[in-house]
Amino acid sequence: MSVTQHFDTTATDCPSSSKPDPAQVALVTGAAKRIGARISRHLHQRGLRVAIHCRHANEEAQQLAQELNSQRAHSALIVHSDLNDLNQLQQLPDQIIQHWGRLDILVNNASSFFPTPVGKVTATQWDDLFGSNVRGPFFLSQAAAPYLRQQQGALINIVDIHASKPLAEHSLYCMAKASLLMMTQSLAKELAPEVRVNAVAPGYILRPPDDFPDHIHDTIVQRTALKRQGDPQDIAQTVAFLALDAPFISGQVIAVDGGRSLHM
Ligand SMILES: NC(=O)c1ccc[n+]([C@@H]2O[C@H](COP(=O)([O-])OP(=O)(O)OC[C@H]3O[C@@H](n4cnc5c(N)ncnc54)[C@H](OP(=O)(O)O)[C@@H]3O)[C@@H](O)[C@H]2O)c1
């Protein structure tokens, strides 16, 4: 199915006035729930219009778009694509331009995450982890770059503290996030001076959606300097800082981990 067919205009109507809307526009991937939803809400609270990207979580995306549009009309819309489908993915920026006429901020947040113990790894798992964590974000960023340049915009990649320190039995995820970290630095050079490119590296913020044993939770918290789990708002505020409040920061990675990386 094409992106145009997926492009959901039910969440918003075209503004009736012919005057261009001055509000900046952000595209957040994997934005229907969890950390991505909080990033979207927070950028929206800061006055931005938000394109909520999702793949399967359409119901949650609809609820979020309704919530944001009820606060400010025409301020949220939904776009669908699988990050592993480059044809769909590369059309997203054009679709947003057709709808709103500008794209200022791209947040590459969507990601798959699961263990890949060596000896049992498949090519399908490789494609999934590398596709969602780096290949998709790269080609989406490339497609968005001309529009971000036009707006002197910002690109923010959500990496992981395990992009630089490995997590046991998650080699592919860590390798993919390490590539996304290098992509942050490479694109910060290449898209300068118009576009600032930075990354946020979360520590332990939310339990993975699947079963996650209590004893692992307890061990991680114990090894975190602040002795607690983080909150999605910690990530959202750092994204907003990098996107909106840090005009002289580019090519940087901010760990938001309560001091977890001090004990790794
Ligand atoms: N949770 C943490 O404590 C933590 C720690 C370190 C780093 N991070 C990073 O922070 C970001 C957000 O974390 P999270 O836990 O909120 O993420 P998540 O819930 O595991 O995933 C976010 C979204 O990614 C989307 N996604 C996955 N594969 C996709 C694909 N092939 N195509 C399109 N969308 C895809 C899914 O969208 P649909 O549901 O619509 O399919 C999912 O809802 C991720 O980059 C993650 O690596 C999180």
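This is a predicted model: local features need pLDDT of at least 70, side-chain atom pairs count only at pLDDT 80 or more; totals for chains, interfaces and linings use all residues.
**Group meeting: helix packing and the ligand shell**

H2 gives the most to the shell around the ligand, with 3 residues. In total, 26 residues surround the ligand, and the closest are Gly30, Arg34, Arg55, Leu83 and Ser111. Sorted by class, the shell has 12 nonpolar, 9 polar and 5 charged residues.

Now to the helix pairs, and I stay with H2. Its partner here is H8. H2 covers residues 34-45 and H8 covers residues 232-244, and their axes come within 8 Å and cross at roughly 50 degrees. H2 and H8 are therefore oblique to each other. The crossing in which H2 passes H8 is right-handed. On the H2 side the contact uses Arg34, Ile35, Arg38, Ile39, His42 and Leu43, and on the H8 side Pro232, Gln233, Ile235, Ala236, Gln237, Val239 and Ala240. By class, that makes 8 nonpolar, 3 polar and 2 charged residues in the contact of H2 with H8. Note Arg34: this residue is in the H2 contact with H8, and Arg34 is also among the closest residues to the ligand.

Next is H5, residues 123-150, which I will take with two partners.

The partner I take up to begin with is H4, residues 86-100. The axes of H4 and H5 come within 9 Å, with a crossing angle of roughly 25 degrees. H4 and H5 are therefore roughly parallel to each other, and their crossing is right-handed. From H4 the contact takes Leu86, Leu89, Gln90, Leu92, Pro93 and Ile97; from H5 it takes Gly136, Phe139, Leu140, Ala143, Ala144 and Tyr147. The contact of H4 with H5 divides into 10 nonpolar and 2 polar residues, with no charged ones.

The other partner is H6. The axes of H5 and H6 come within 9 Å and cross at roughly 10 degrees. That angle makes H5 roughly parallel to H6. The H5 residues here are Gln125, Trp126, Leu129, Phe130, Asn133, Val134, Pro137, Phe138 and Ser141, and they meet Leu172, Tyr173, Ala176, Lys177, Ser179, Leu180, Met183 and Leu187 of H6. This contact of H5 with H6 has 12 nonpolar, 4 polar and 1 charged residues.

Two residues from that contact deserve a slide each.

Setting aside residues up to four places away in sequence, phenylalanine 130 touches Arg135 and Ala176.

On the H6 side, take lysine 177, which is found in helix H6. With 27 C-beta neighbours inside 10 Å, lysine 177 counts as buried. Which residues does lysine 177 contact, leaving aside its neighbours within four places in sequence? They are Asn133, Val159, Asp160, His162 and Ala163. Lysine 177 also lies 8.4 Å from serine 164, C-alpha to C-alpha, at 13 residues apart in sequence.

Last, the backbone. Most residues other than glycine have a negative phi, and most peptide bonds are trans.

The peptide bond from alanine 192 to proline 193 is cis, with omega near 0 degrees. Proline 193 is in the loop between helix H6 (171-190) and strand E6 (196-202).

Glutamate 169 is not a glycine, yet has a positive phi of about 65 degrees. Glutamate 169 lies in the loop between strand E5 (154-158) and H6. With 14 other C-beta atoms within 10 Å, glutamate 169 is partly exposed.

Lysine 227, also not a glycine, has a positive phi of about 55 degrees. Lysine 227 lies in the loop between helix H7 (214-222) and H8. Lysine 227 counts as exposed, because it has 10 C-beta neighbours inside 10 Å.

To close where I began: H2 contributes 3 residues to the ligand shell and crosses H8 at roughly 50 degrees, while H5 is roughly parallel to H4 and to H6.

Methods. Residues are numbered from 1 along each chain as its sequence is written. Helices (H or I, at least four residues) and strands (E, at least two) are DSSP runs, numbered from the N terminus. Two residues are in contact if their C-beta atoms, placed from the backbone, lie within 7 Å. Axes are lines fitted to C-alpha atoms, for helices over the stretch in contact, and angles run from 0 to 180 degrees between N-to-C directions. Angles under 35 degrees count as roughly parallel, over 145 as roughly antiparallel, 65 to 115 as roughly perpendicular and the rest as oblique. A crossing is left-handed if the near helix is turned anticlockwise from the far one by less than a right angle, and right-handed if clockwise. Ala, Val, Leu, Ile, Met, Phe, Trp, Tyr, Cys and Pro count as nonpolar, Asp, Glu, Lys and Arg as charged, and the others, Gly among them, as polar. A residue is near a molecule or strand if its C-beta atom, placed from the backbone, lies within 6 Å of it. A residue is buried if 20 or more other C-beta atoms lie within 10 Å of its own, exposed if 12 or fewer, and partly exposed in between; C-beta atoms are placed from the backbone.
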